[in-house]
Amino acid sequence: MFLGTSMVALFANATLLNFLSTQLPAQKDPDGIFDQPFKKYYNYIVVGAGSAGSIIATRLSEDRTNVLLLEAGGSDLENEFTRIPSQWLRTLWTKENWSFDTVPQKYSFMSEASRKTKGHCGKVLGGTGSINGMYYIRGSRYDYDKWKKEGCTGWGYDDVLPYFKKSEDIQIPELINSSYHGHGGPLVITEGHTAPLEFLHRLAAKEKGLPVTDCNGFNQLGYCAIQANVKNGERCSSASCFLRPKLHRRNLQVATNSHVTKIIIQNGEAKGVVVMKNGKKTRIYAREEVIISAGVFGSPKLLLLSGVGPRHHLEKLRVPLKADLPVGEGMQYHMQYFFQYSITTPMNMNQEKALDQQSIMDYIFYKTGVQTRSGIDGAIFARLPTNHDLDFLPDMQLTFIANAFEGENIKCAIQRMNHMRVFDETSRSADVGFAVNICKLHHKSRGTVRLKSKNPMKPPLIDPQYLANQDDVDSYVKVIRYMQEFANNSAWNSIGTKFIRQEECTSFCKAFTFDTDDYWKCMIRHYARNSNHQVGTCRMGALHDKTAVVDPHLRVIGIRNLRVADSSVMRNVPSGNTNAPTMMIGEKAADMIKKSRYKRLLSVVLLLGND
């Protein structure tokens with residue numbers, strides 16, 4: 001709860017942080033490497049150098065084919081904080097984030113005067129993978145089996161596991177010999193807990209009968225320590241670990257600050273793109289395919305601008321219709337709500353420790369210490385006791401945050417609790433504690449992405465409709481009850497763990513008695529936040545599926561030589577964070593495109609052989 005103001009307190013000392021960023025070994029892009037003149041034709045044009053797009057372009061350029069990768073944002077090296085794991089939250093308030101506004105929300109964000117929230121997504125090489133928390137979670141095996149069952153042939157767990165492994169270079173000793181992890185891939189995965197509290201969270205889970213598991217392995221349910229895409233103390237994204245090492249390839253051209261305004265579609269076939277760079281529009285053509293990887297907001301926006309979308313919406317804006325498809329419909333997501341706990345033993349991370357000069361020196365000279373960590377210790381994936389569904393999907397993700405939130409509301413609550421003698425011992429302070437991110441999975445509410453106008457430089461019209469379905473709120477209360485029961489464990493009791501009641505320091509929900517169901521429903525509608533795990537705005541499905549925009553080969557239905565490959569195509573939101581599944585989609589998309597090309601080349605060879 002109150003993530004925006006509370007977490008930023010960890011990064012308040014700008015002088016020290018700027019010193020940290022300037023002392024990193026200099027990394028600079030070769031002059032002009034992202035500003036080469038455009039050719040008229042390429043074999044493939046990839047729109048968006050994000051978590052999927054960077055992988056697709058890198059993999060396609062392994063063959064003798066010309067690939068153009070277009071990115072609206074700049075280089076990830078322009079902001080050193082994209083490299084430092086502990087400082088990832090600072091990137092959310094920079095030019096590397098599109099930071100789209102939503103429309104005012106009717107059922108959520110009631111504590112905000114505008115009732116609006118942000119749609120965070122990366123505007124930089126590496127996309128959102130260059131500004132996120134580096135938490136590597138694949139989702140449940142049953143997520144993908146459900147995709148397959150609903151018509152996404154080739155997307156069952158056994159189908160996608162090889163692509164997760166292909167990317168990966170697992171460097172966690174306990175998982176080295178696991179058949180669920182890969183070796184030698186560009187994406188380095190390391191264990192990344194931040195504080196000694198992780199051990200107590202593990203003990204607490206065992207006490208509650210939860211297994212300690214590899215949540216990216218056979219069974220996701222249970223407790224697992226964080227797995228993070230961090231290499232040698234720095235973020236390992238699709239830009240830094242896939243794309244950048246291959247920029248020397250002569251058949252791979254990457255252009256930054258290049259805003260694609262339209263897909264050129266003629267007679268039901270994608271021919272190329274219109275790109276705006278340095279104030280100049282250029283038409284560029286693809287001999288084989290255009291692949292859109294502009295993200296959950298950008299991909300539907302570009303399709304709509306190009307005439308692919310719901311007929312009624314495009315006709316209203318007088319955009320010529322190319323294909324009547326449910327683009328921008330059915331957006332899915334996760335919500336999060338924070339519980340803050342006070343403890344008596346300073347085993348946590350806080351502002352003072354994060355800005356300790358020794359920790360900064362350790363990072364600068366040795367790339368070790370807390371600066372190499374994102375602030376997460378581990379997570380629990382669990383089902384509610386009342387869930388008797390046979391899909392075996394978890395209902396919740398409880399993520400243990402090592403940091404004490406030191407915002408004014410927390411300080412206020414601690415002072416009140418000290419005054420009321422809630423604590424058994426002497427007074428406590430806000431800098432000794434930890435938080436739990438309570439994430440309810442699999443919401444029933446659905447949102448939309450639309451165009452505000454035909455102007456391609458205008459942001460999209462995003463209406464997530466967070467918590468519009470009452471069941472999402474009712475089930476969230478059940479998840480909170482599970483969390484409360486979990487908190488009563490001997491491991492946490494050994495360090496004097498106490499829940500911090502913040503309601504007296506807020507302006508809302510005072511009409512309800514604390515800890516009643518109605519109280520929590522009110523608090524959820526006021527203070528639950530989006531997890532930035534939005535998916536499904538260009539949904540994948542079978543050809544006859546009326547909710548589908550792309551088929552299981554990620555081809556836009558009814559338009560030849562056009563694919564979408566990013567989080568927007570996900571059939572349903574996975575059980576967990578979405579960056580790892582998005583990277584998998586990039587790997588699988590590249591493989592499908594290559595196979596399609598080989599098939600075409602073979603048919604040409606056979607045709608010539610018959611002449």
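A disulfide (a pair of cysteine sulfur atoms within 2.5 Å) joins Cys509 to Cys522, with an S to S distance of 2.1 Å. This pair links distant parts of the chain, 13 residues apart: Cys509 lies in the loop between strand 23 and helix 15, and Cys522 lies in helix 15. Helices (H or I, at least four residues) and strands (E, at least two) are DSSP runs, numbered from the N terminus. The link of Cys509 and Cys522 is left-handed, with -90° about the S-S bond.

Cys509 has a relative accessible area of 7% and is therefore buried, and Cys522, at 12%, also counts as buried. Here buried means under 20% relative accessible area, exposed over 50%, and partly exposed in between (1.4 Å probe, protein chains only).

## Basis of the report

The model is predicted: local features need pLDDT of at least 70, side-chain atom pairs count only at pLDDT 80 or more, and totals for chains, interfaces and linings use all residues. Residues are numbered from 1 along each chain as its sequence is written, and side-chain values use heavy atoms, with hydrogens and water left out.

## Other disulfides

A disulfide is a covalent bond between the sulfur atoms of two cysteines. The count comes to 4 disulfides, and they follow the pattern 1-2, 3-4, 5-6, 7-8, with bonded cysteines counted along the chain.

Cys412 and Cys505 form one of them, with their sulfur atoms 2.0 Å apart. These two cysteines are 93 residues apart, Cys412 in helix 12 (residues 408-419) and Cys505 in the loop between strand 23 (498-499) and helix 15 (517-527). Cys412 is partly exposed, with a relative accessible area of 24%. Another disulfide joins Cys236 to Cys241, S to S 2.1 Å, and both of these residues are buried.

Cys152 is buried at 0% relative accessible area. Its sulfur is 14 Å from the closest cysteine sulfur, in Cys538, which is too far for a bond. Cys538 is likewise buried at 0%, and its sulfur is 13 Å from the closest cysteine sulfur, in Cys121, again too far for a bond.

## Helix 13

Buried residues of helix 13 include Val473, Tyr476, Ile480 and Met483. At the start of the helix, a side-chain oxygen of Asn469 reaches to within 2.9 Å of the backbone nitrogen of Asp471.

Conventions
Polar contact = N/O pair within 3.5 Å; in protein donor to acceptor, adjacent residues only side chain to side chain.
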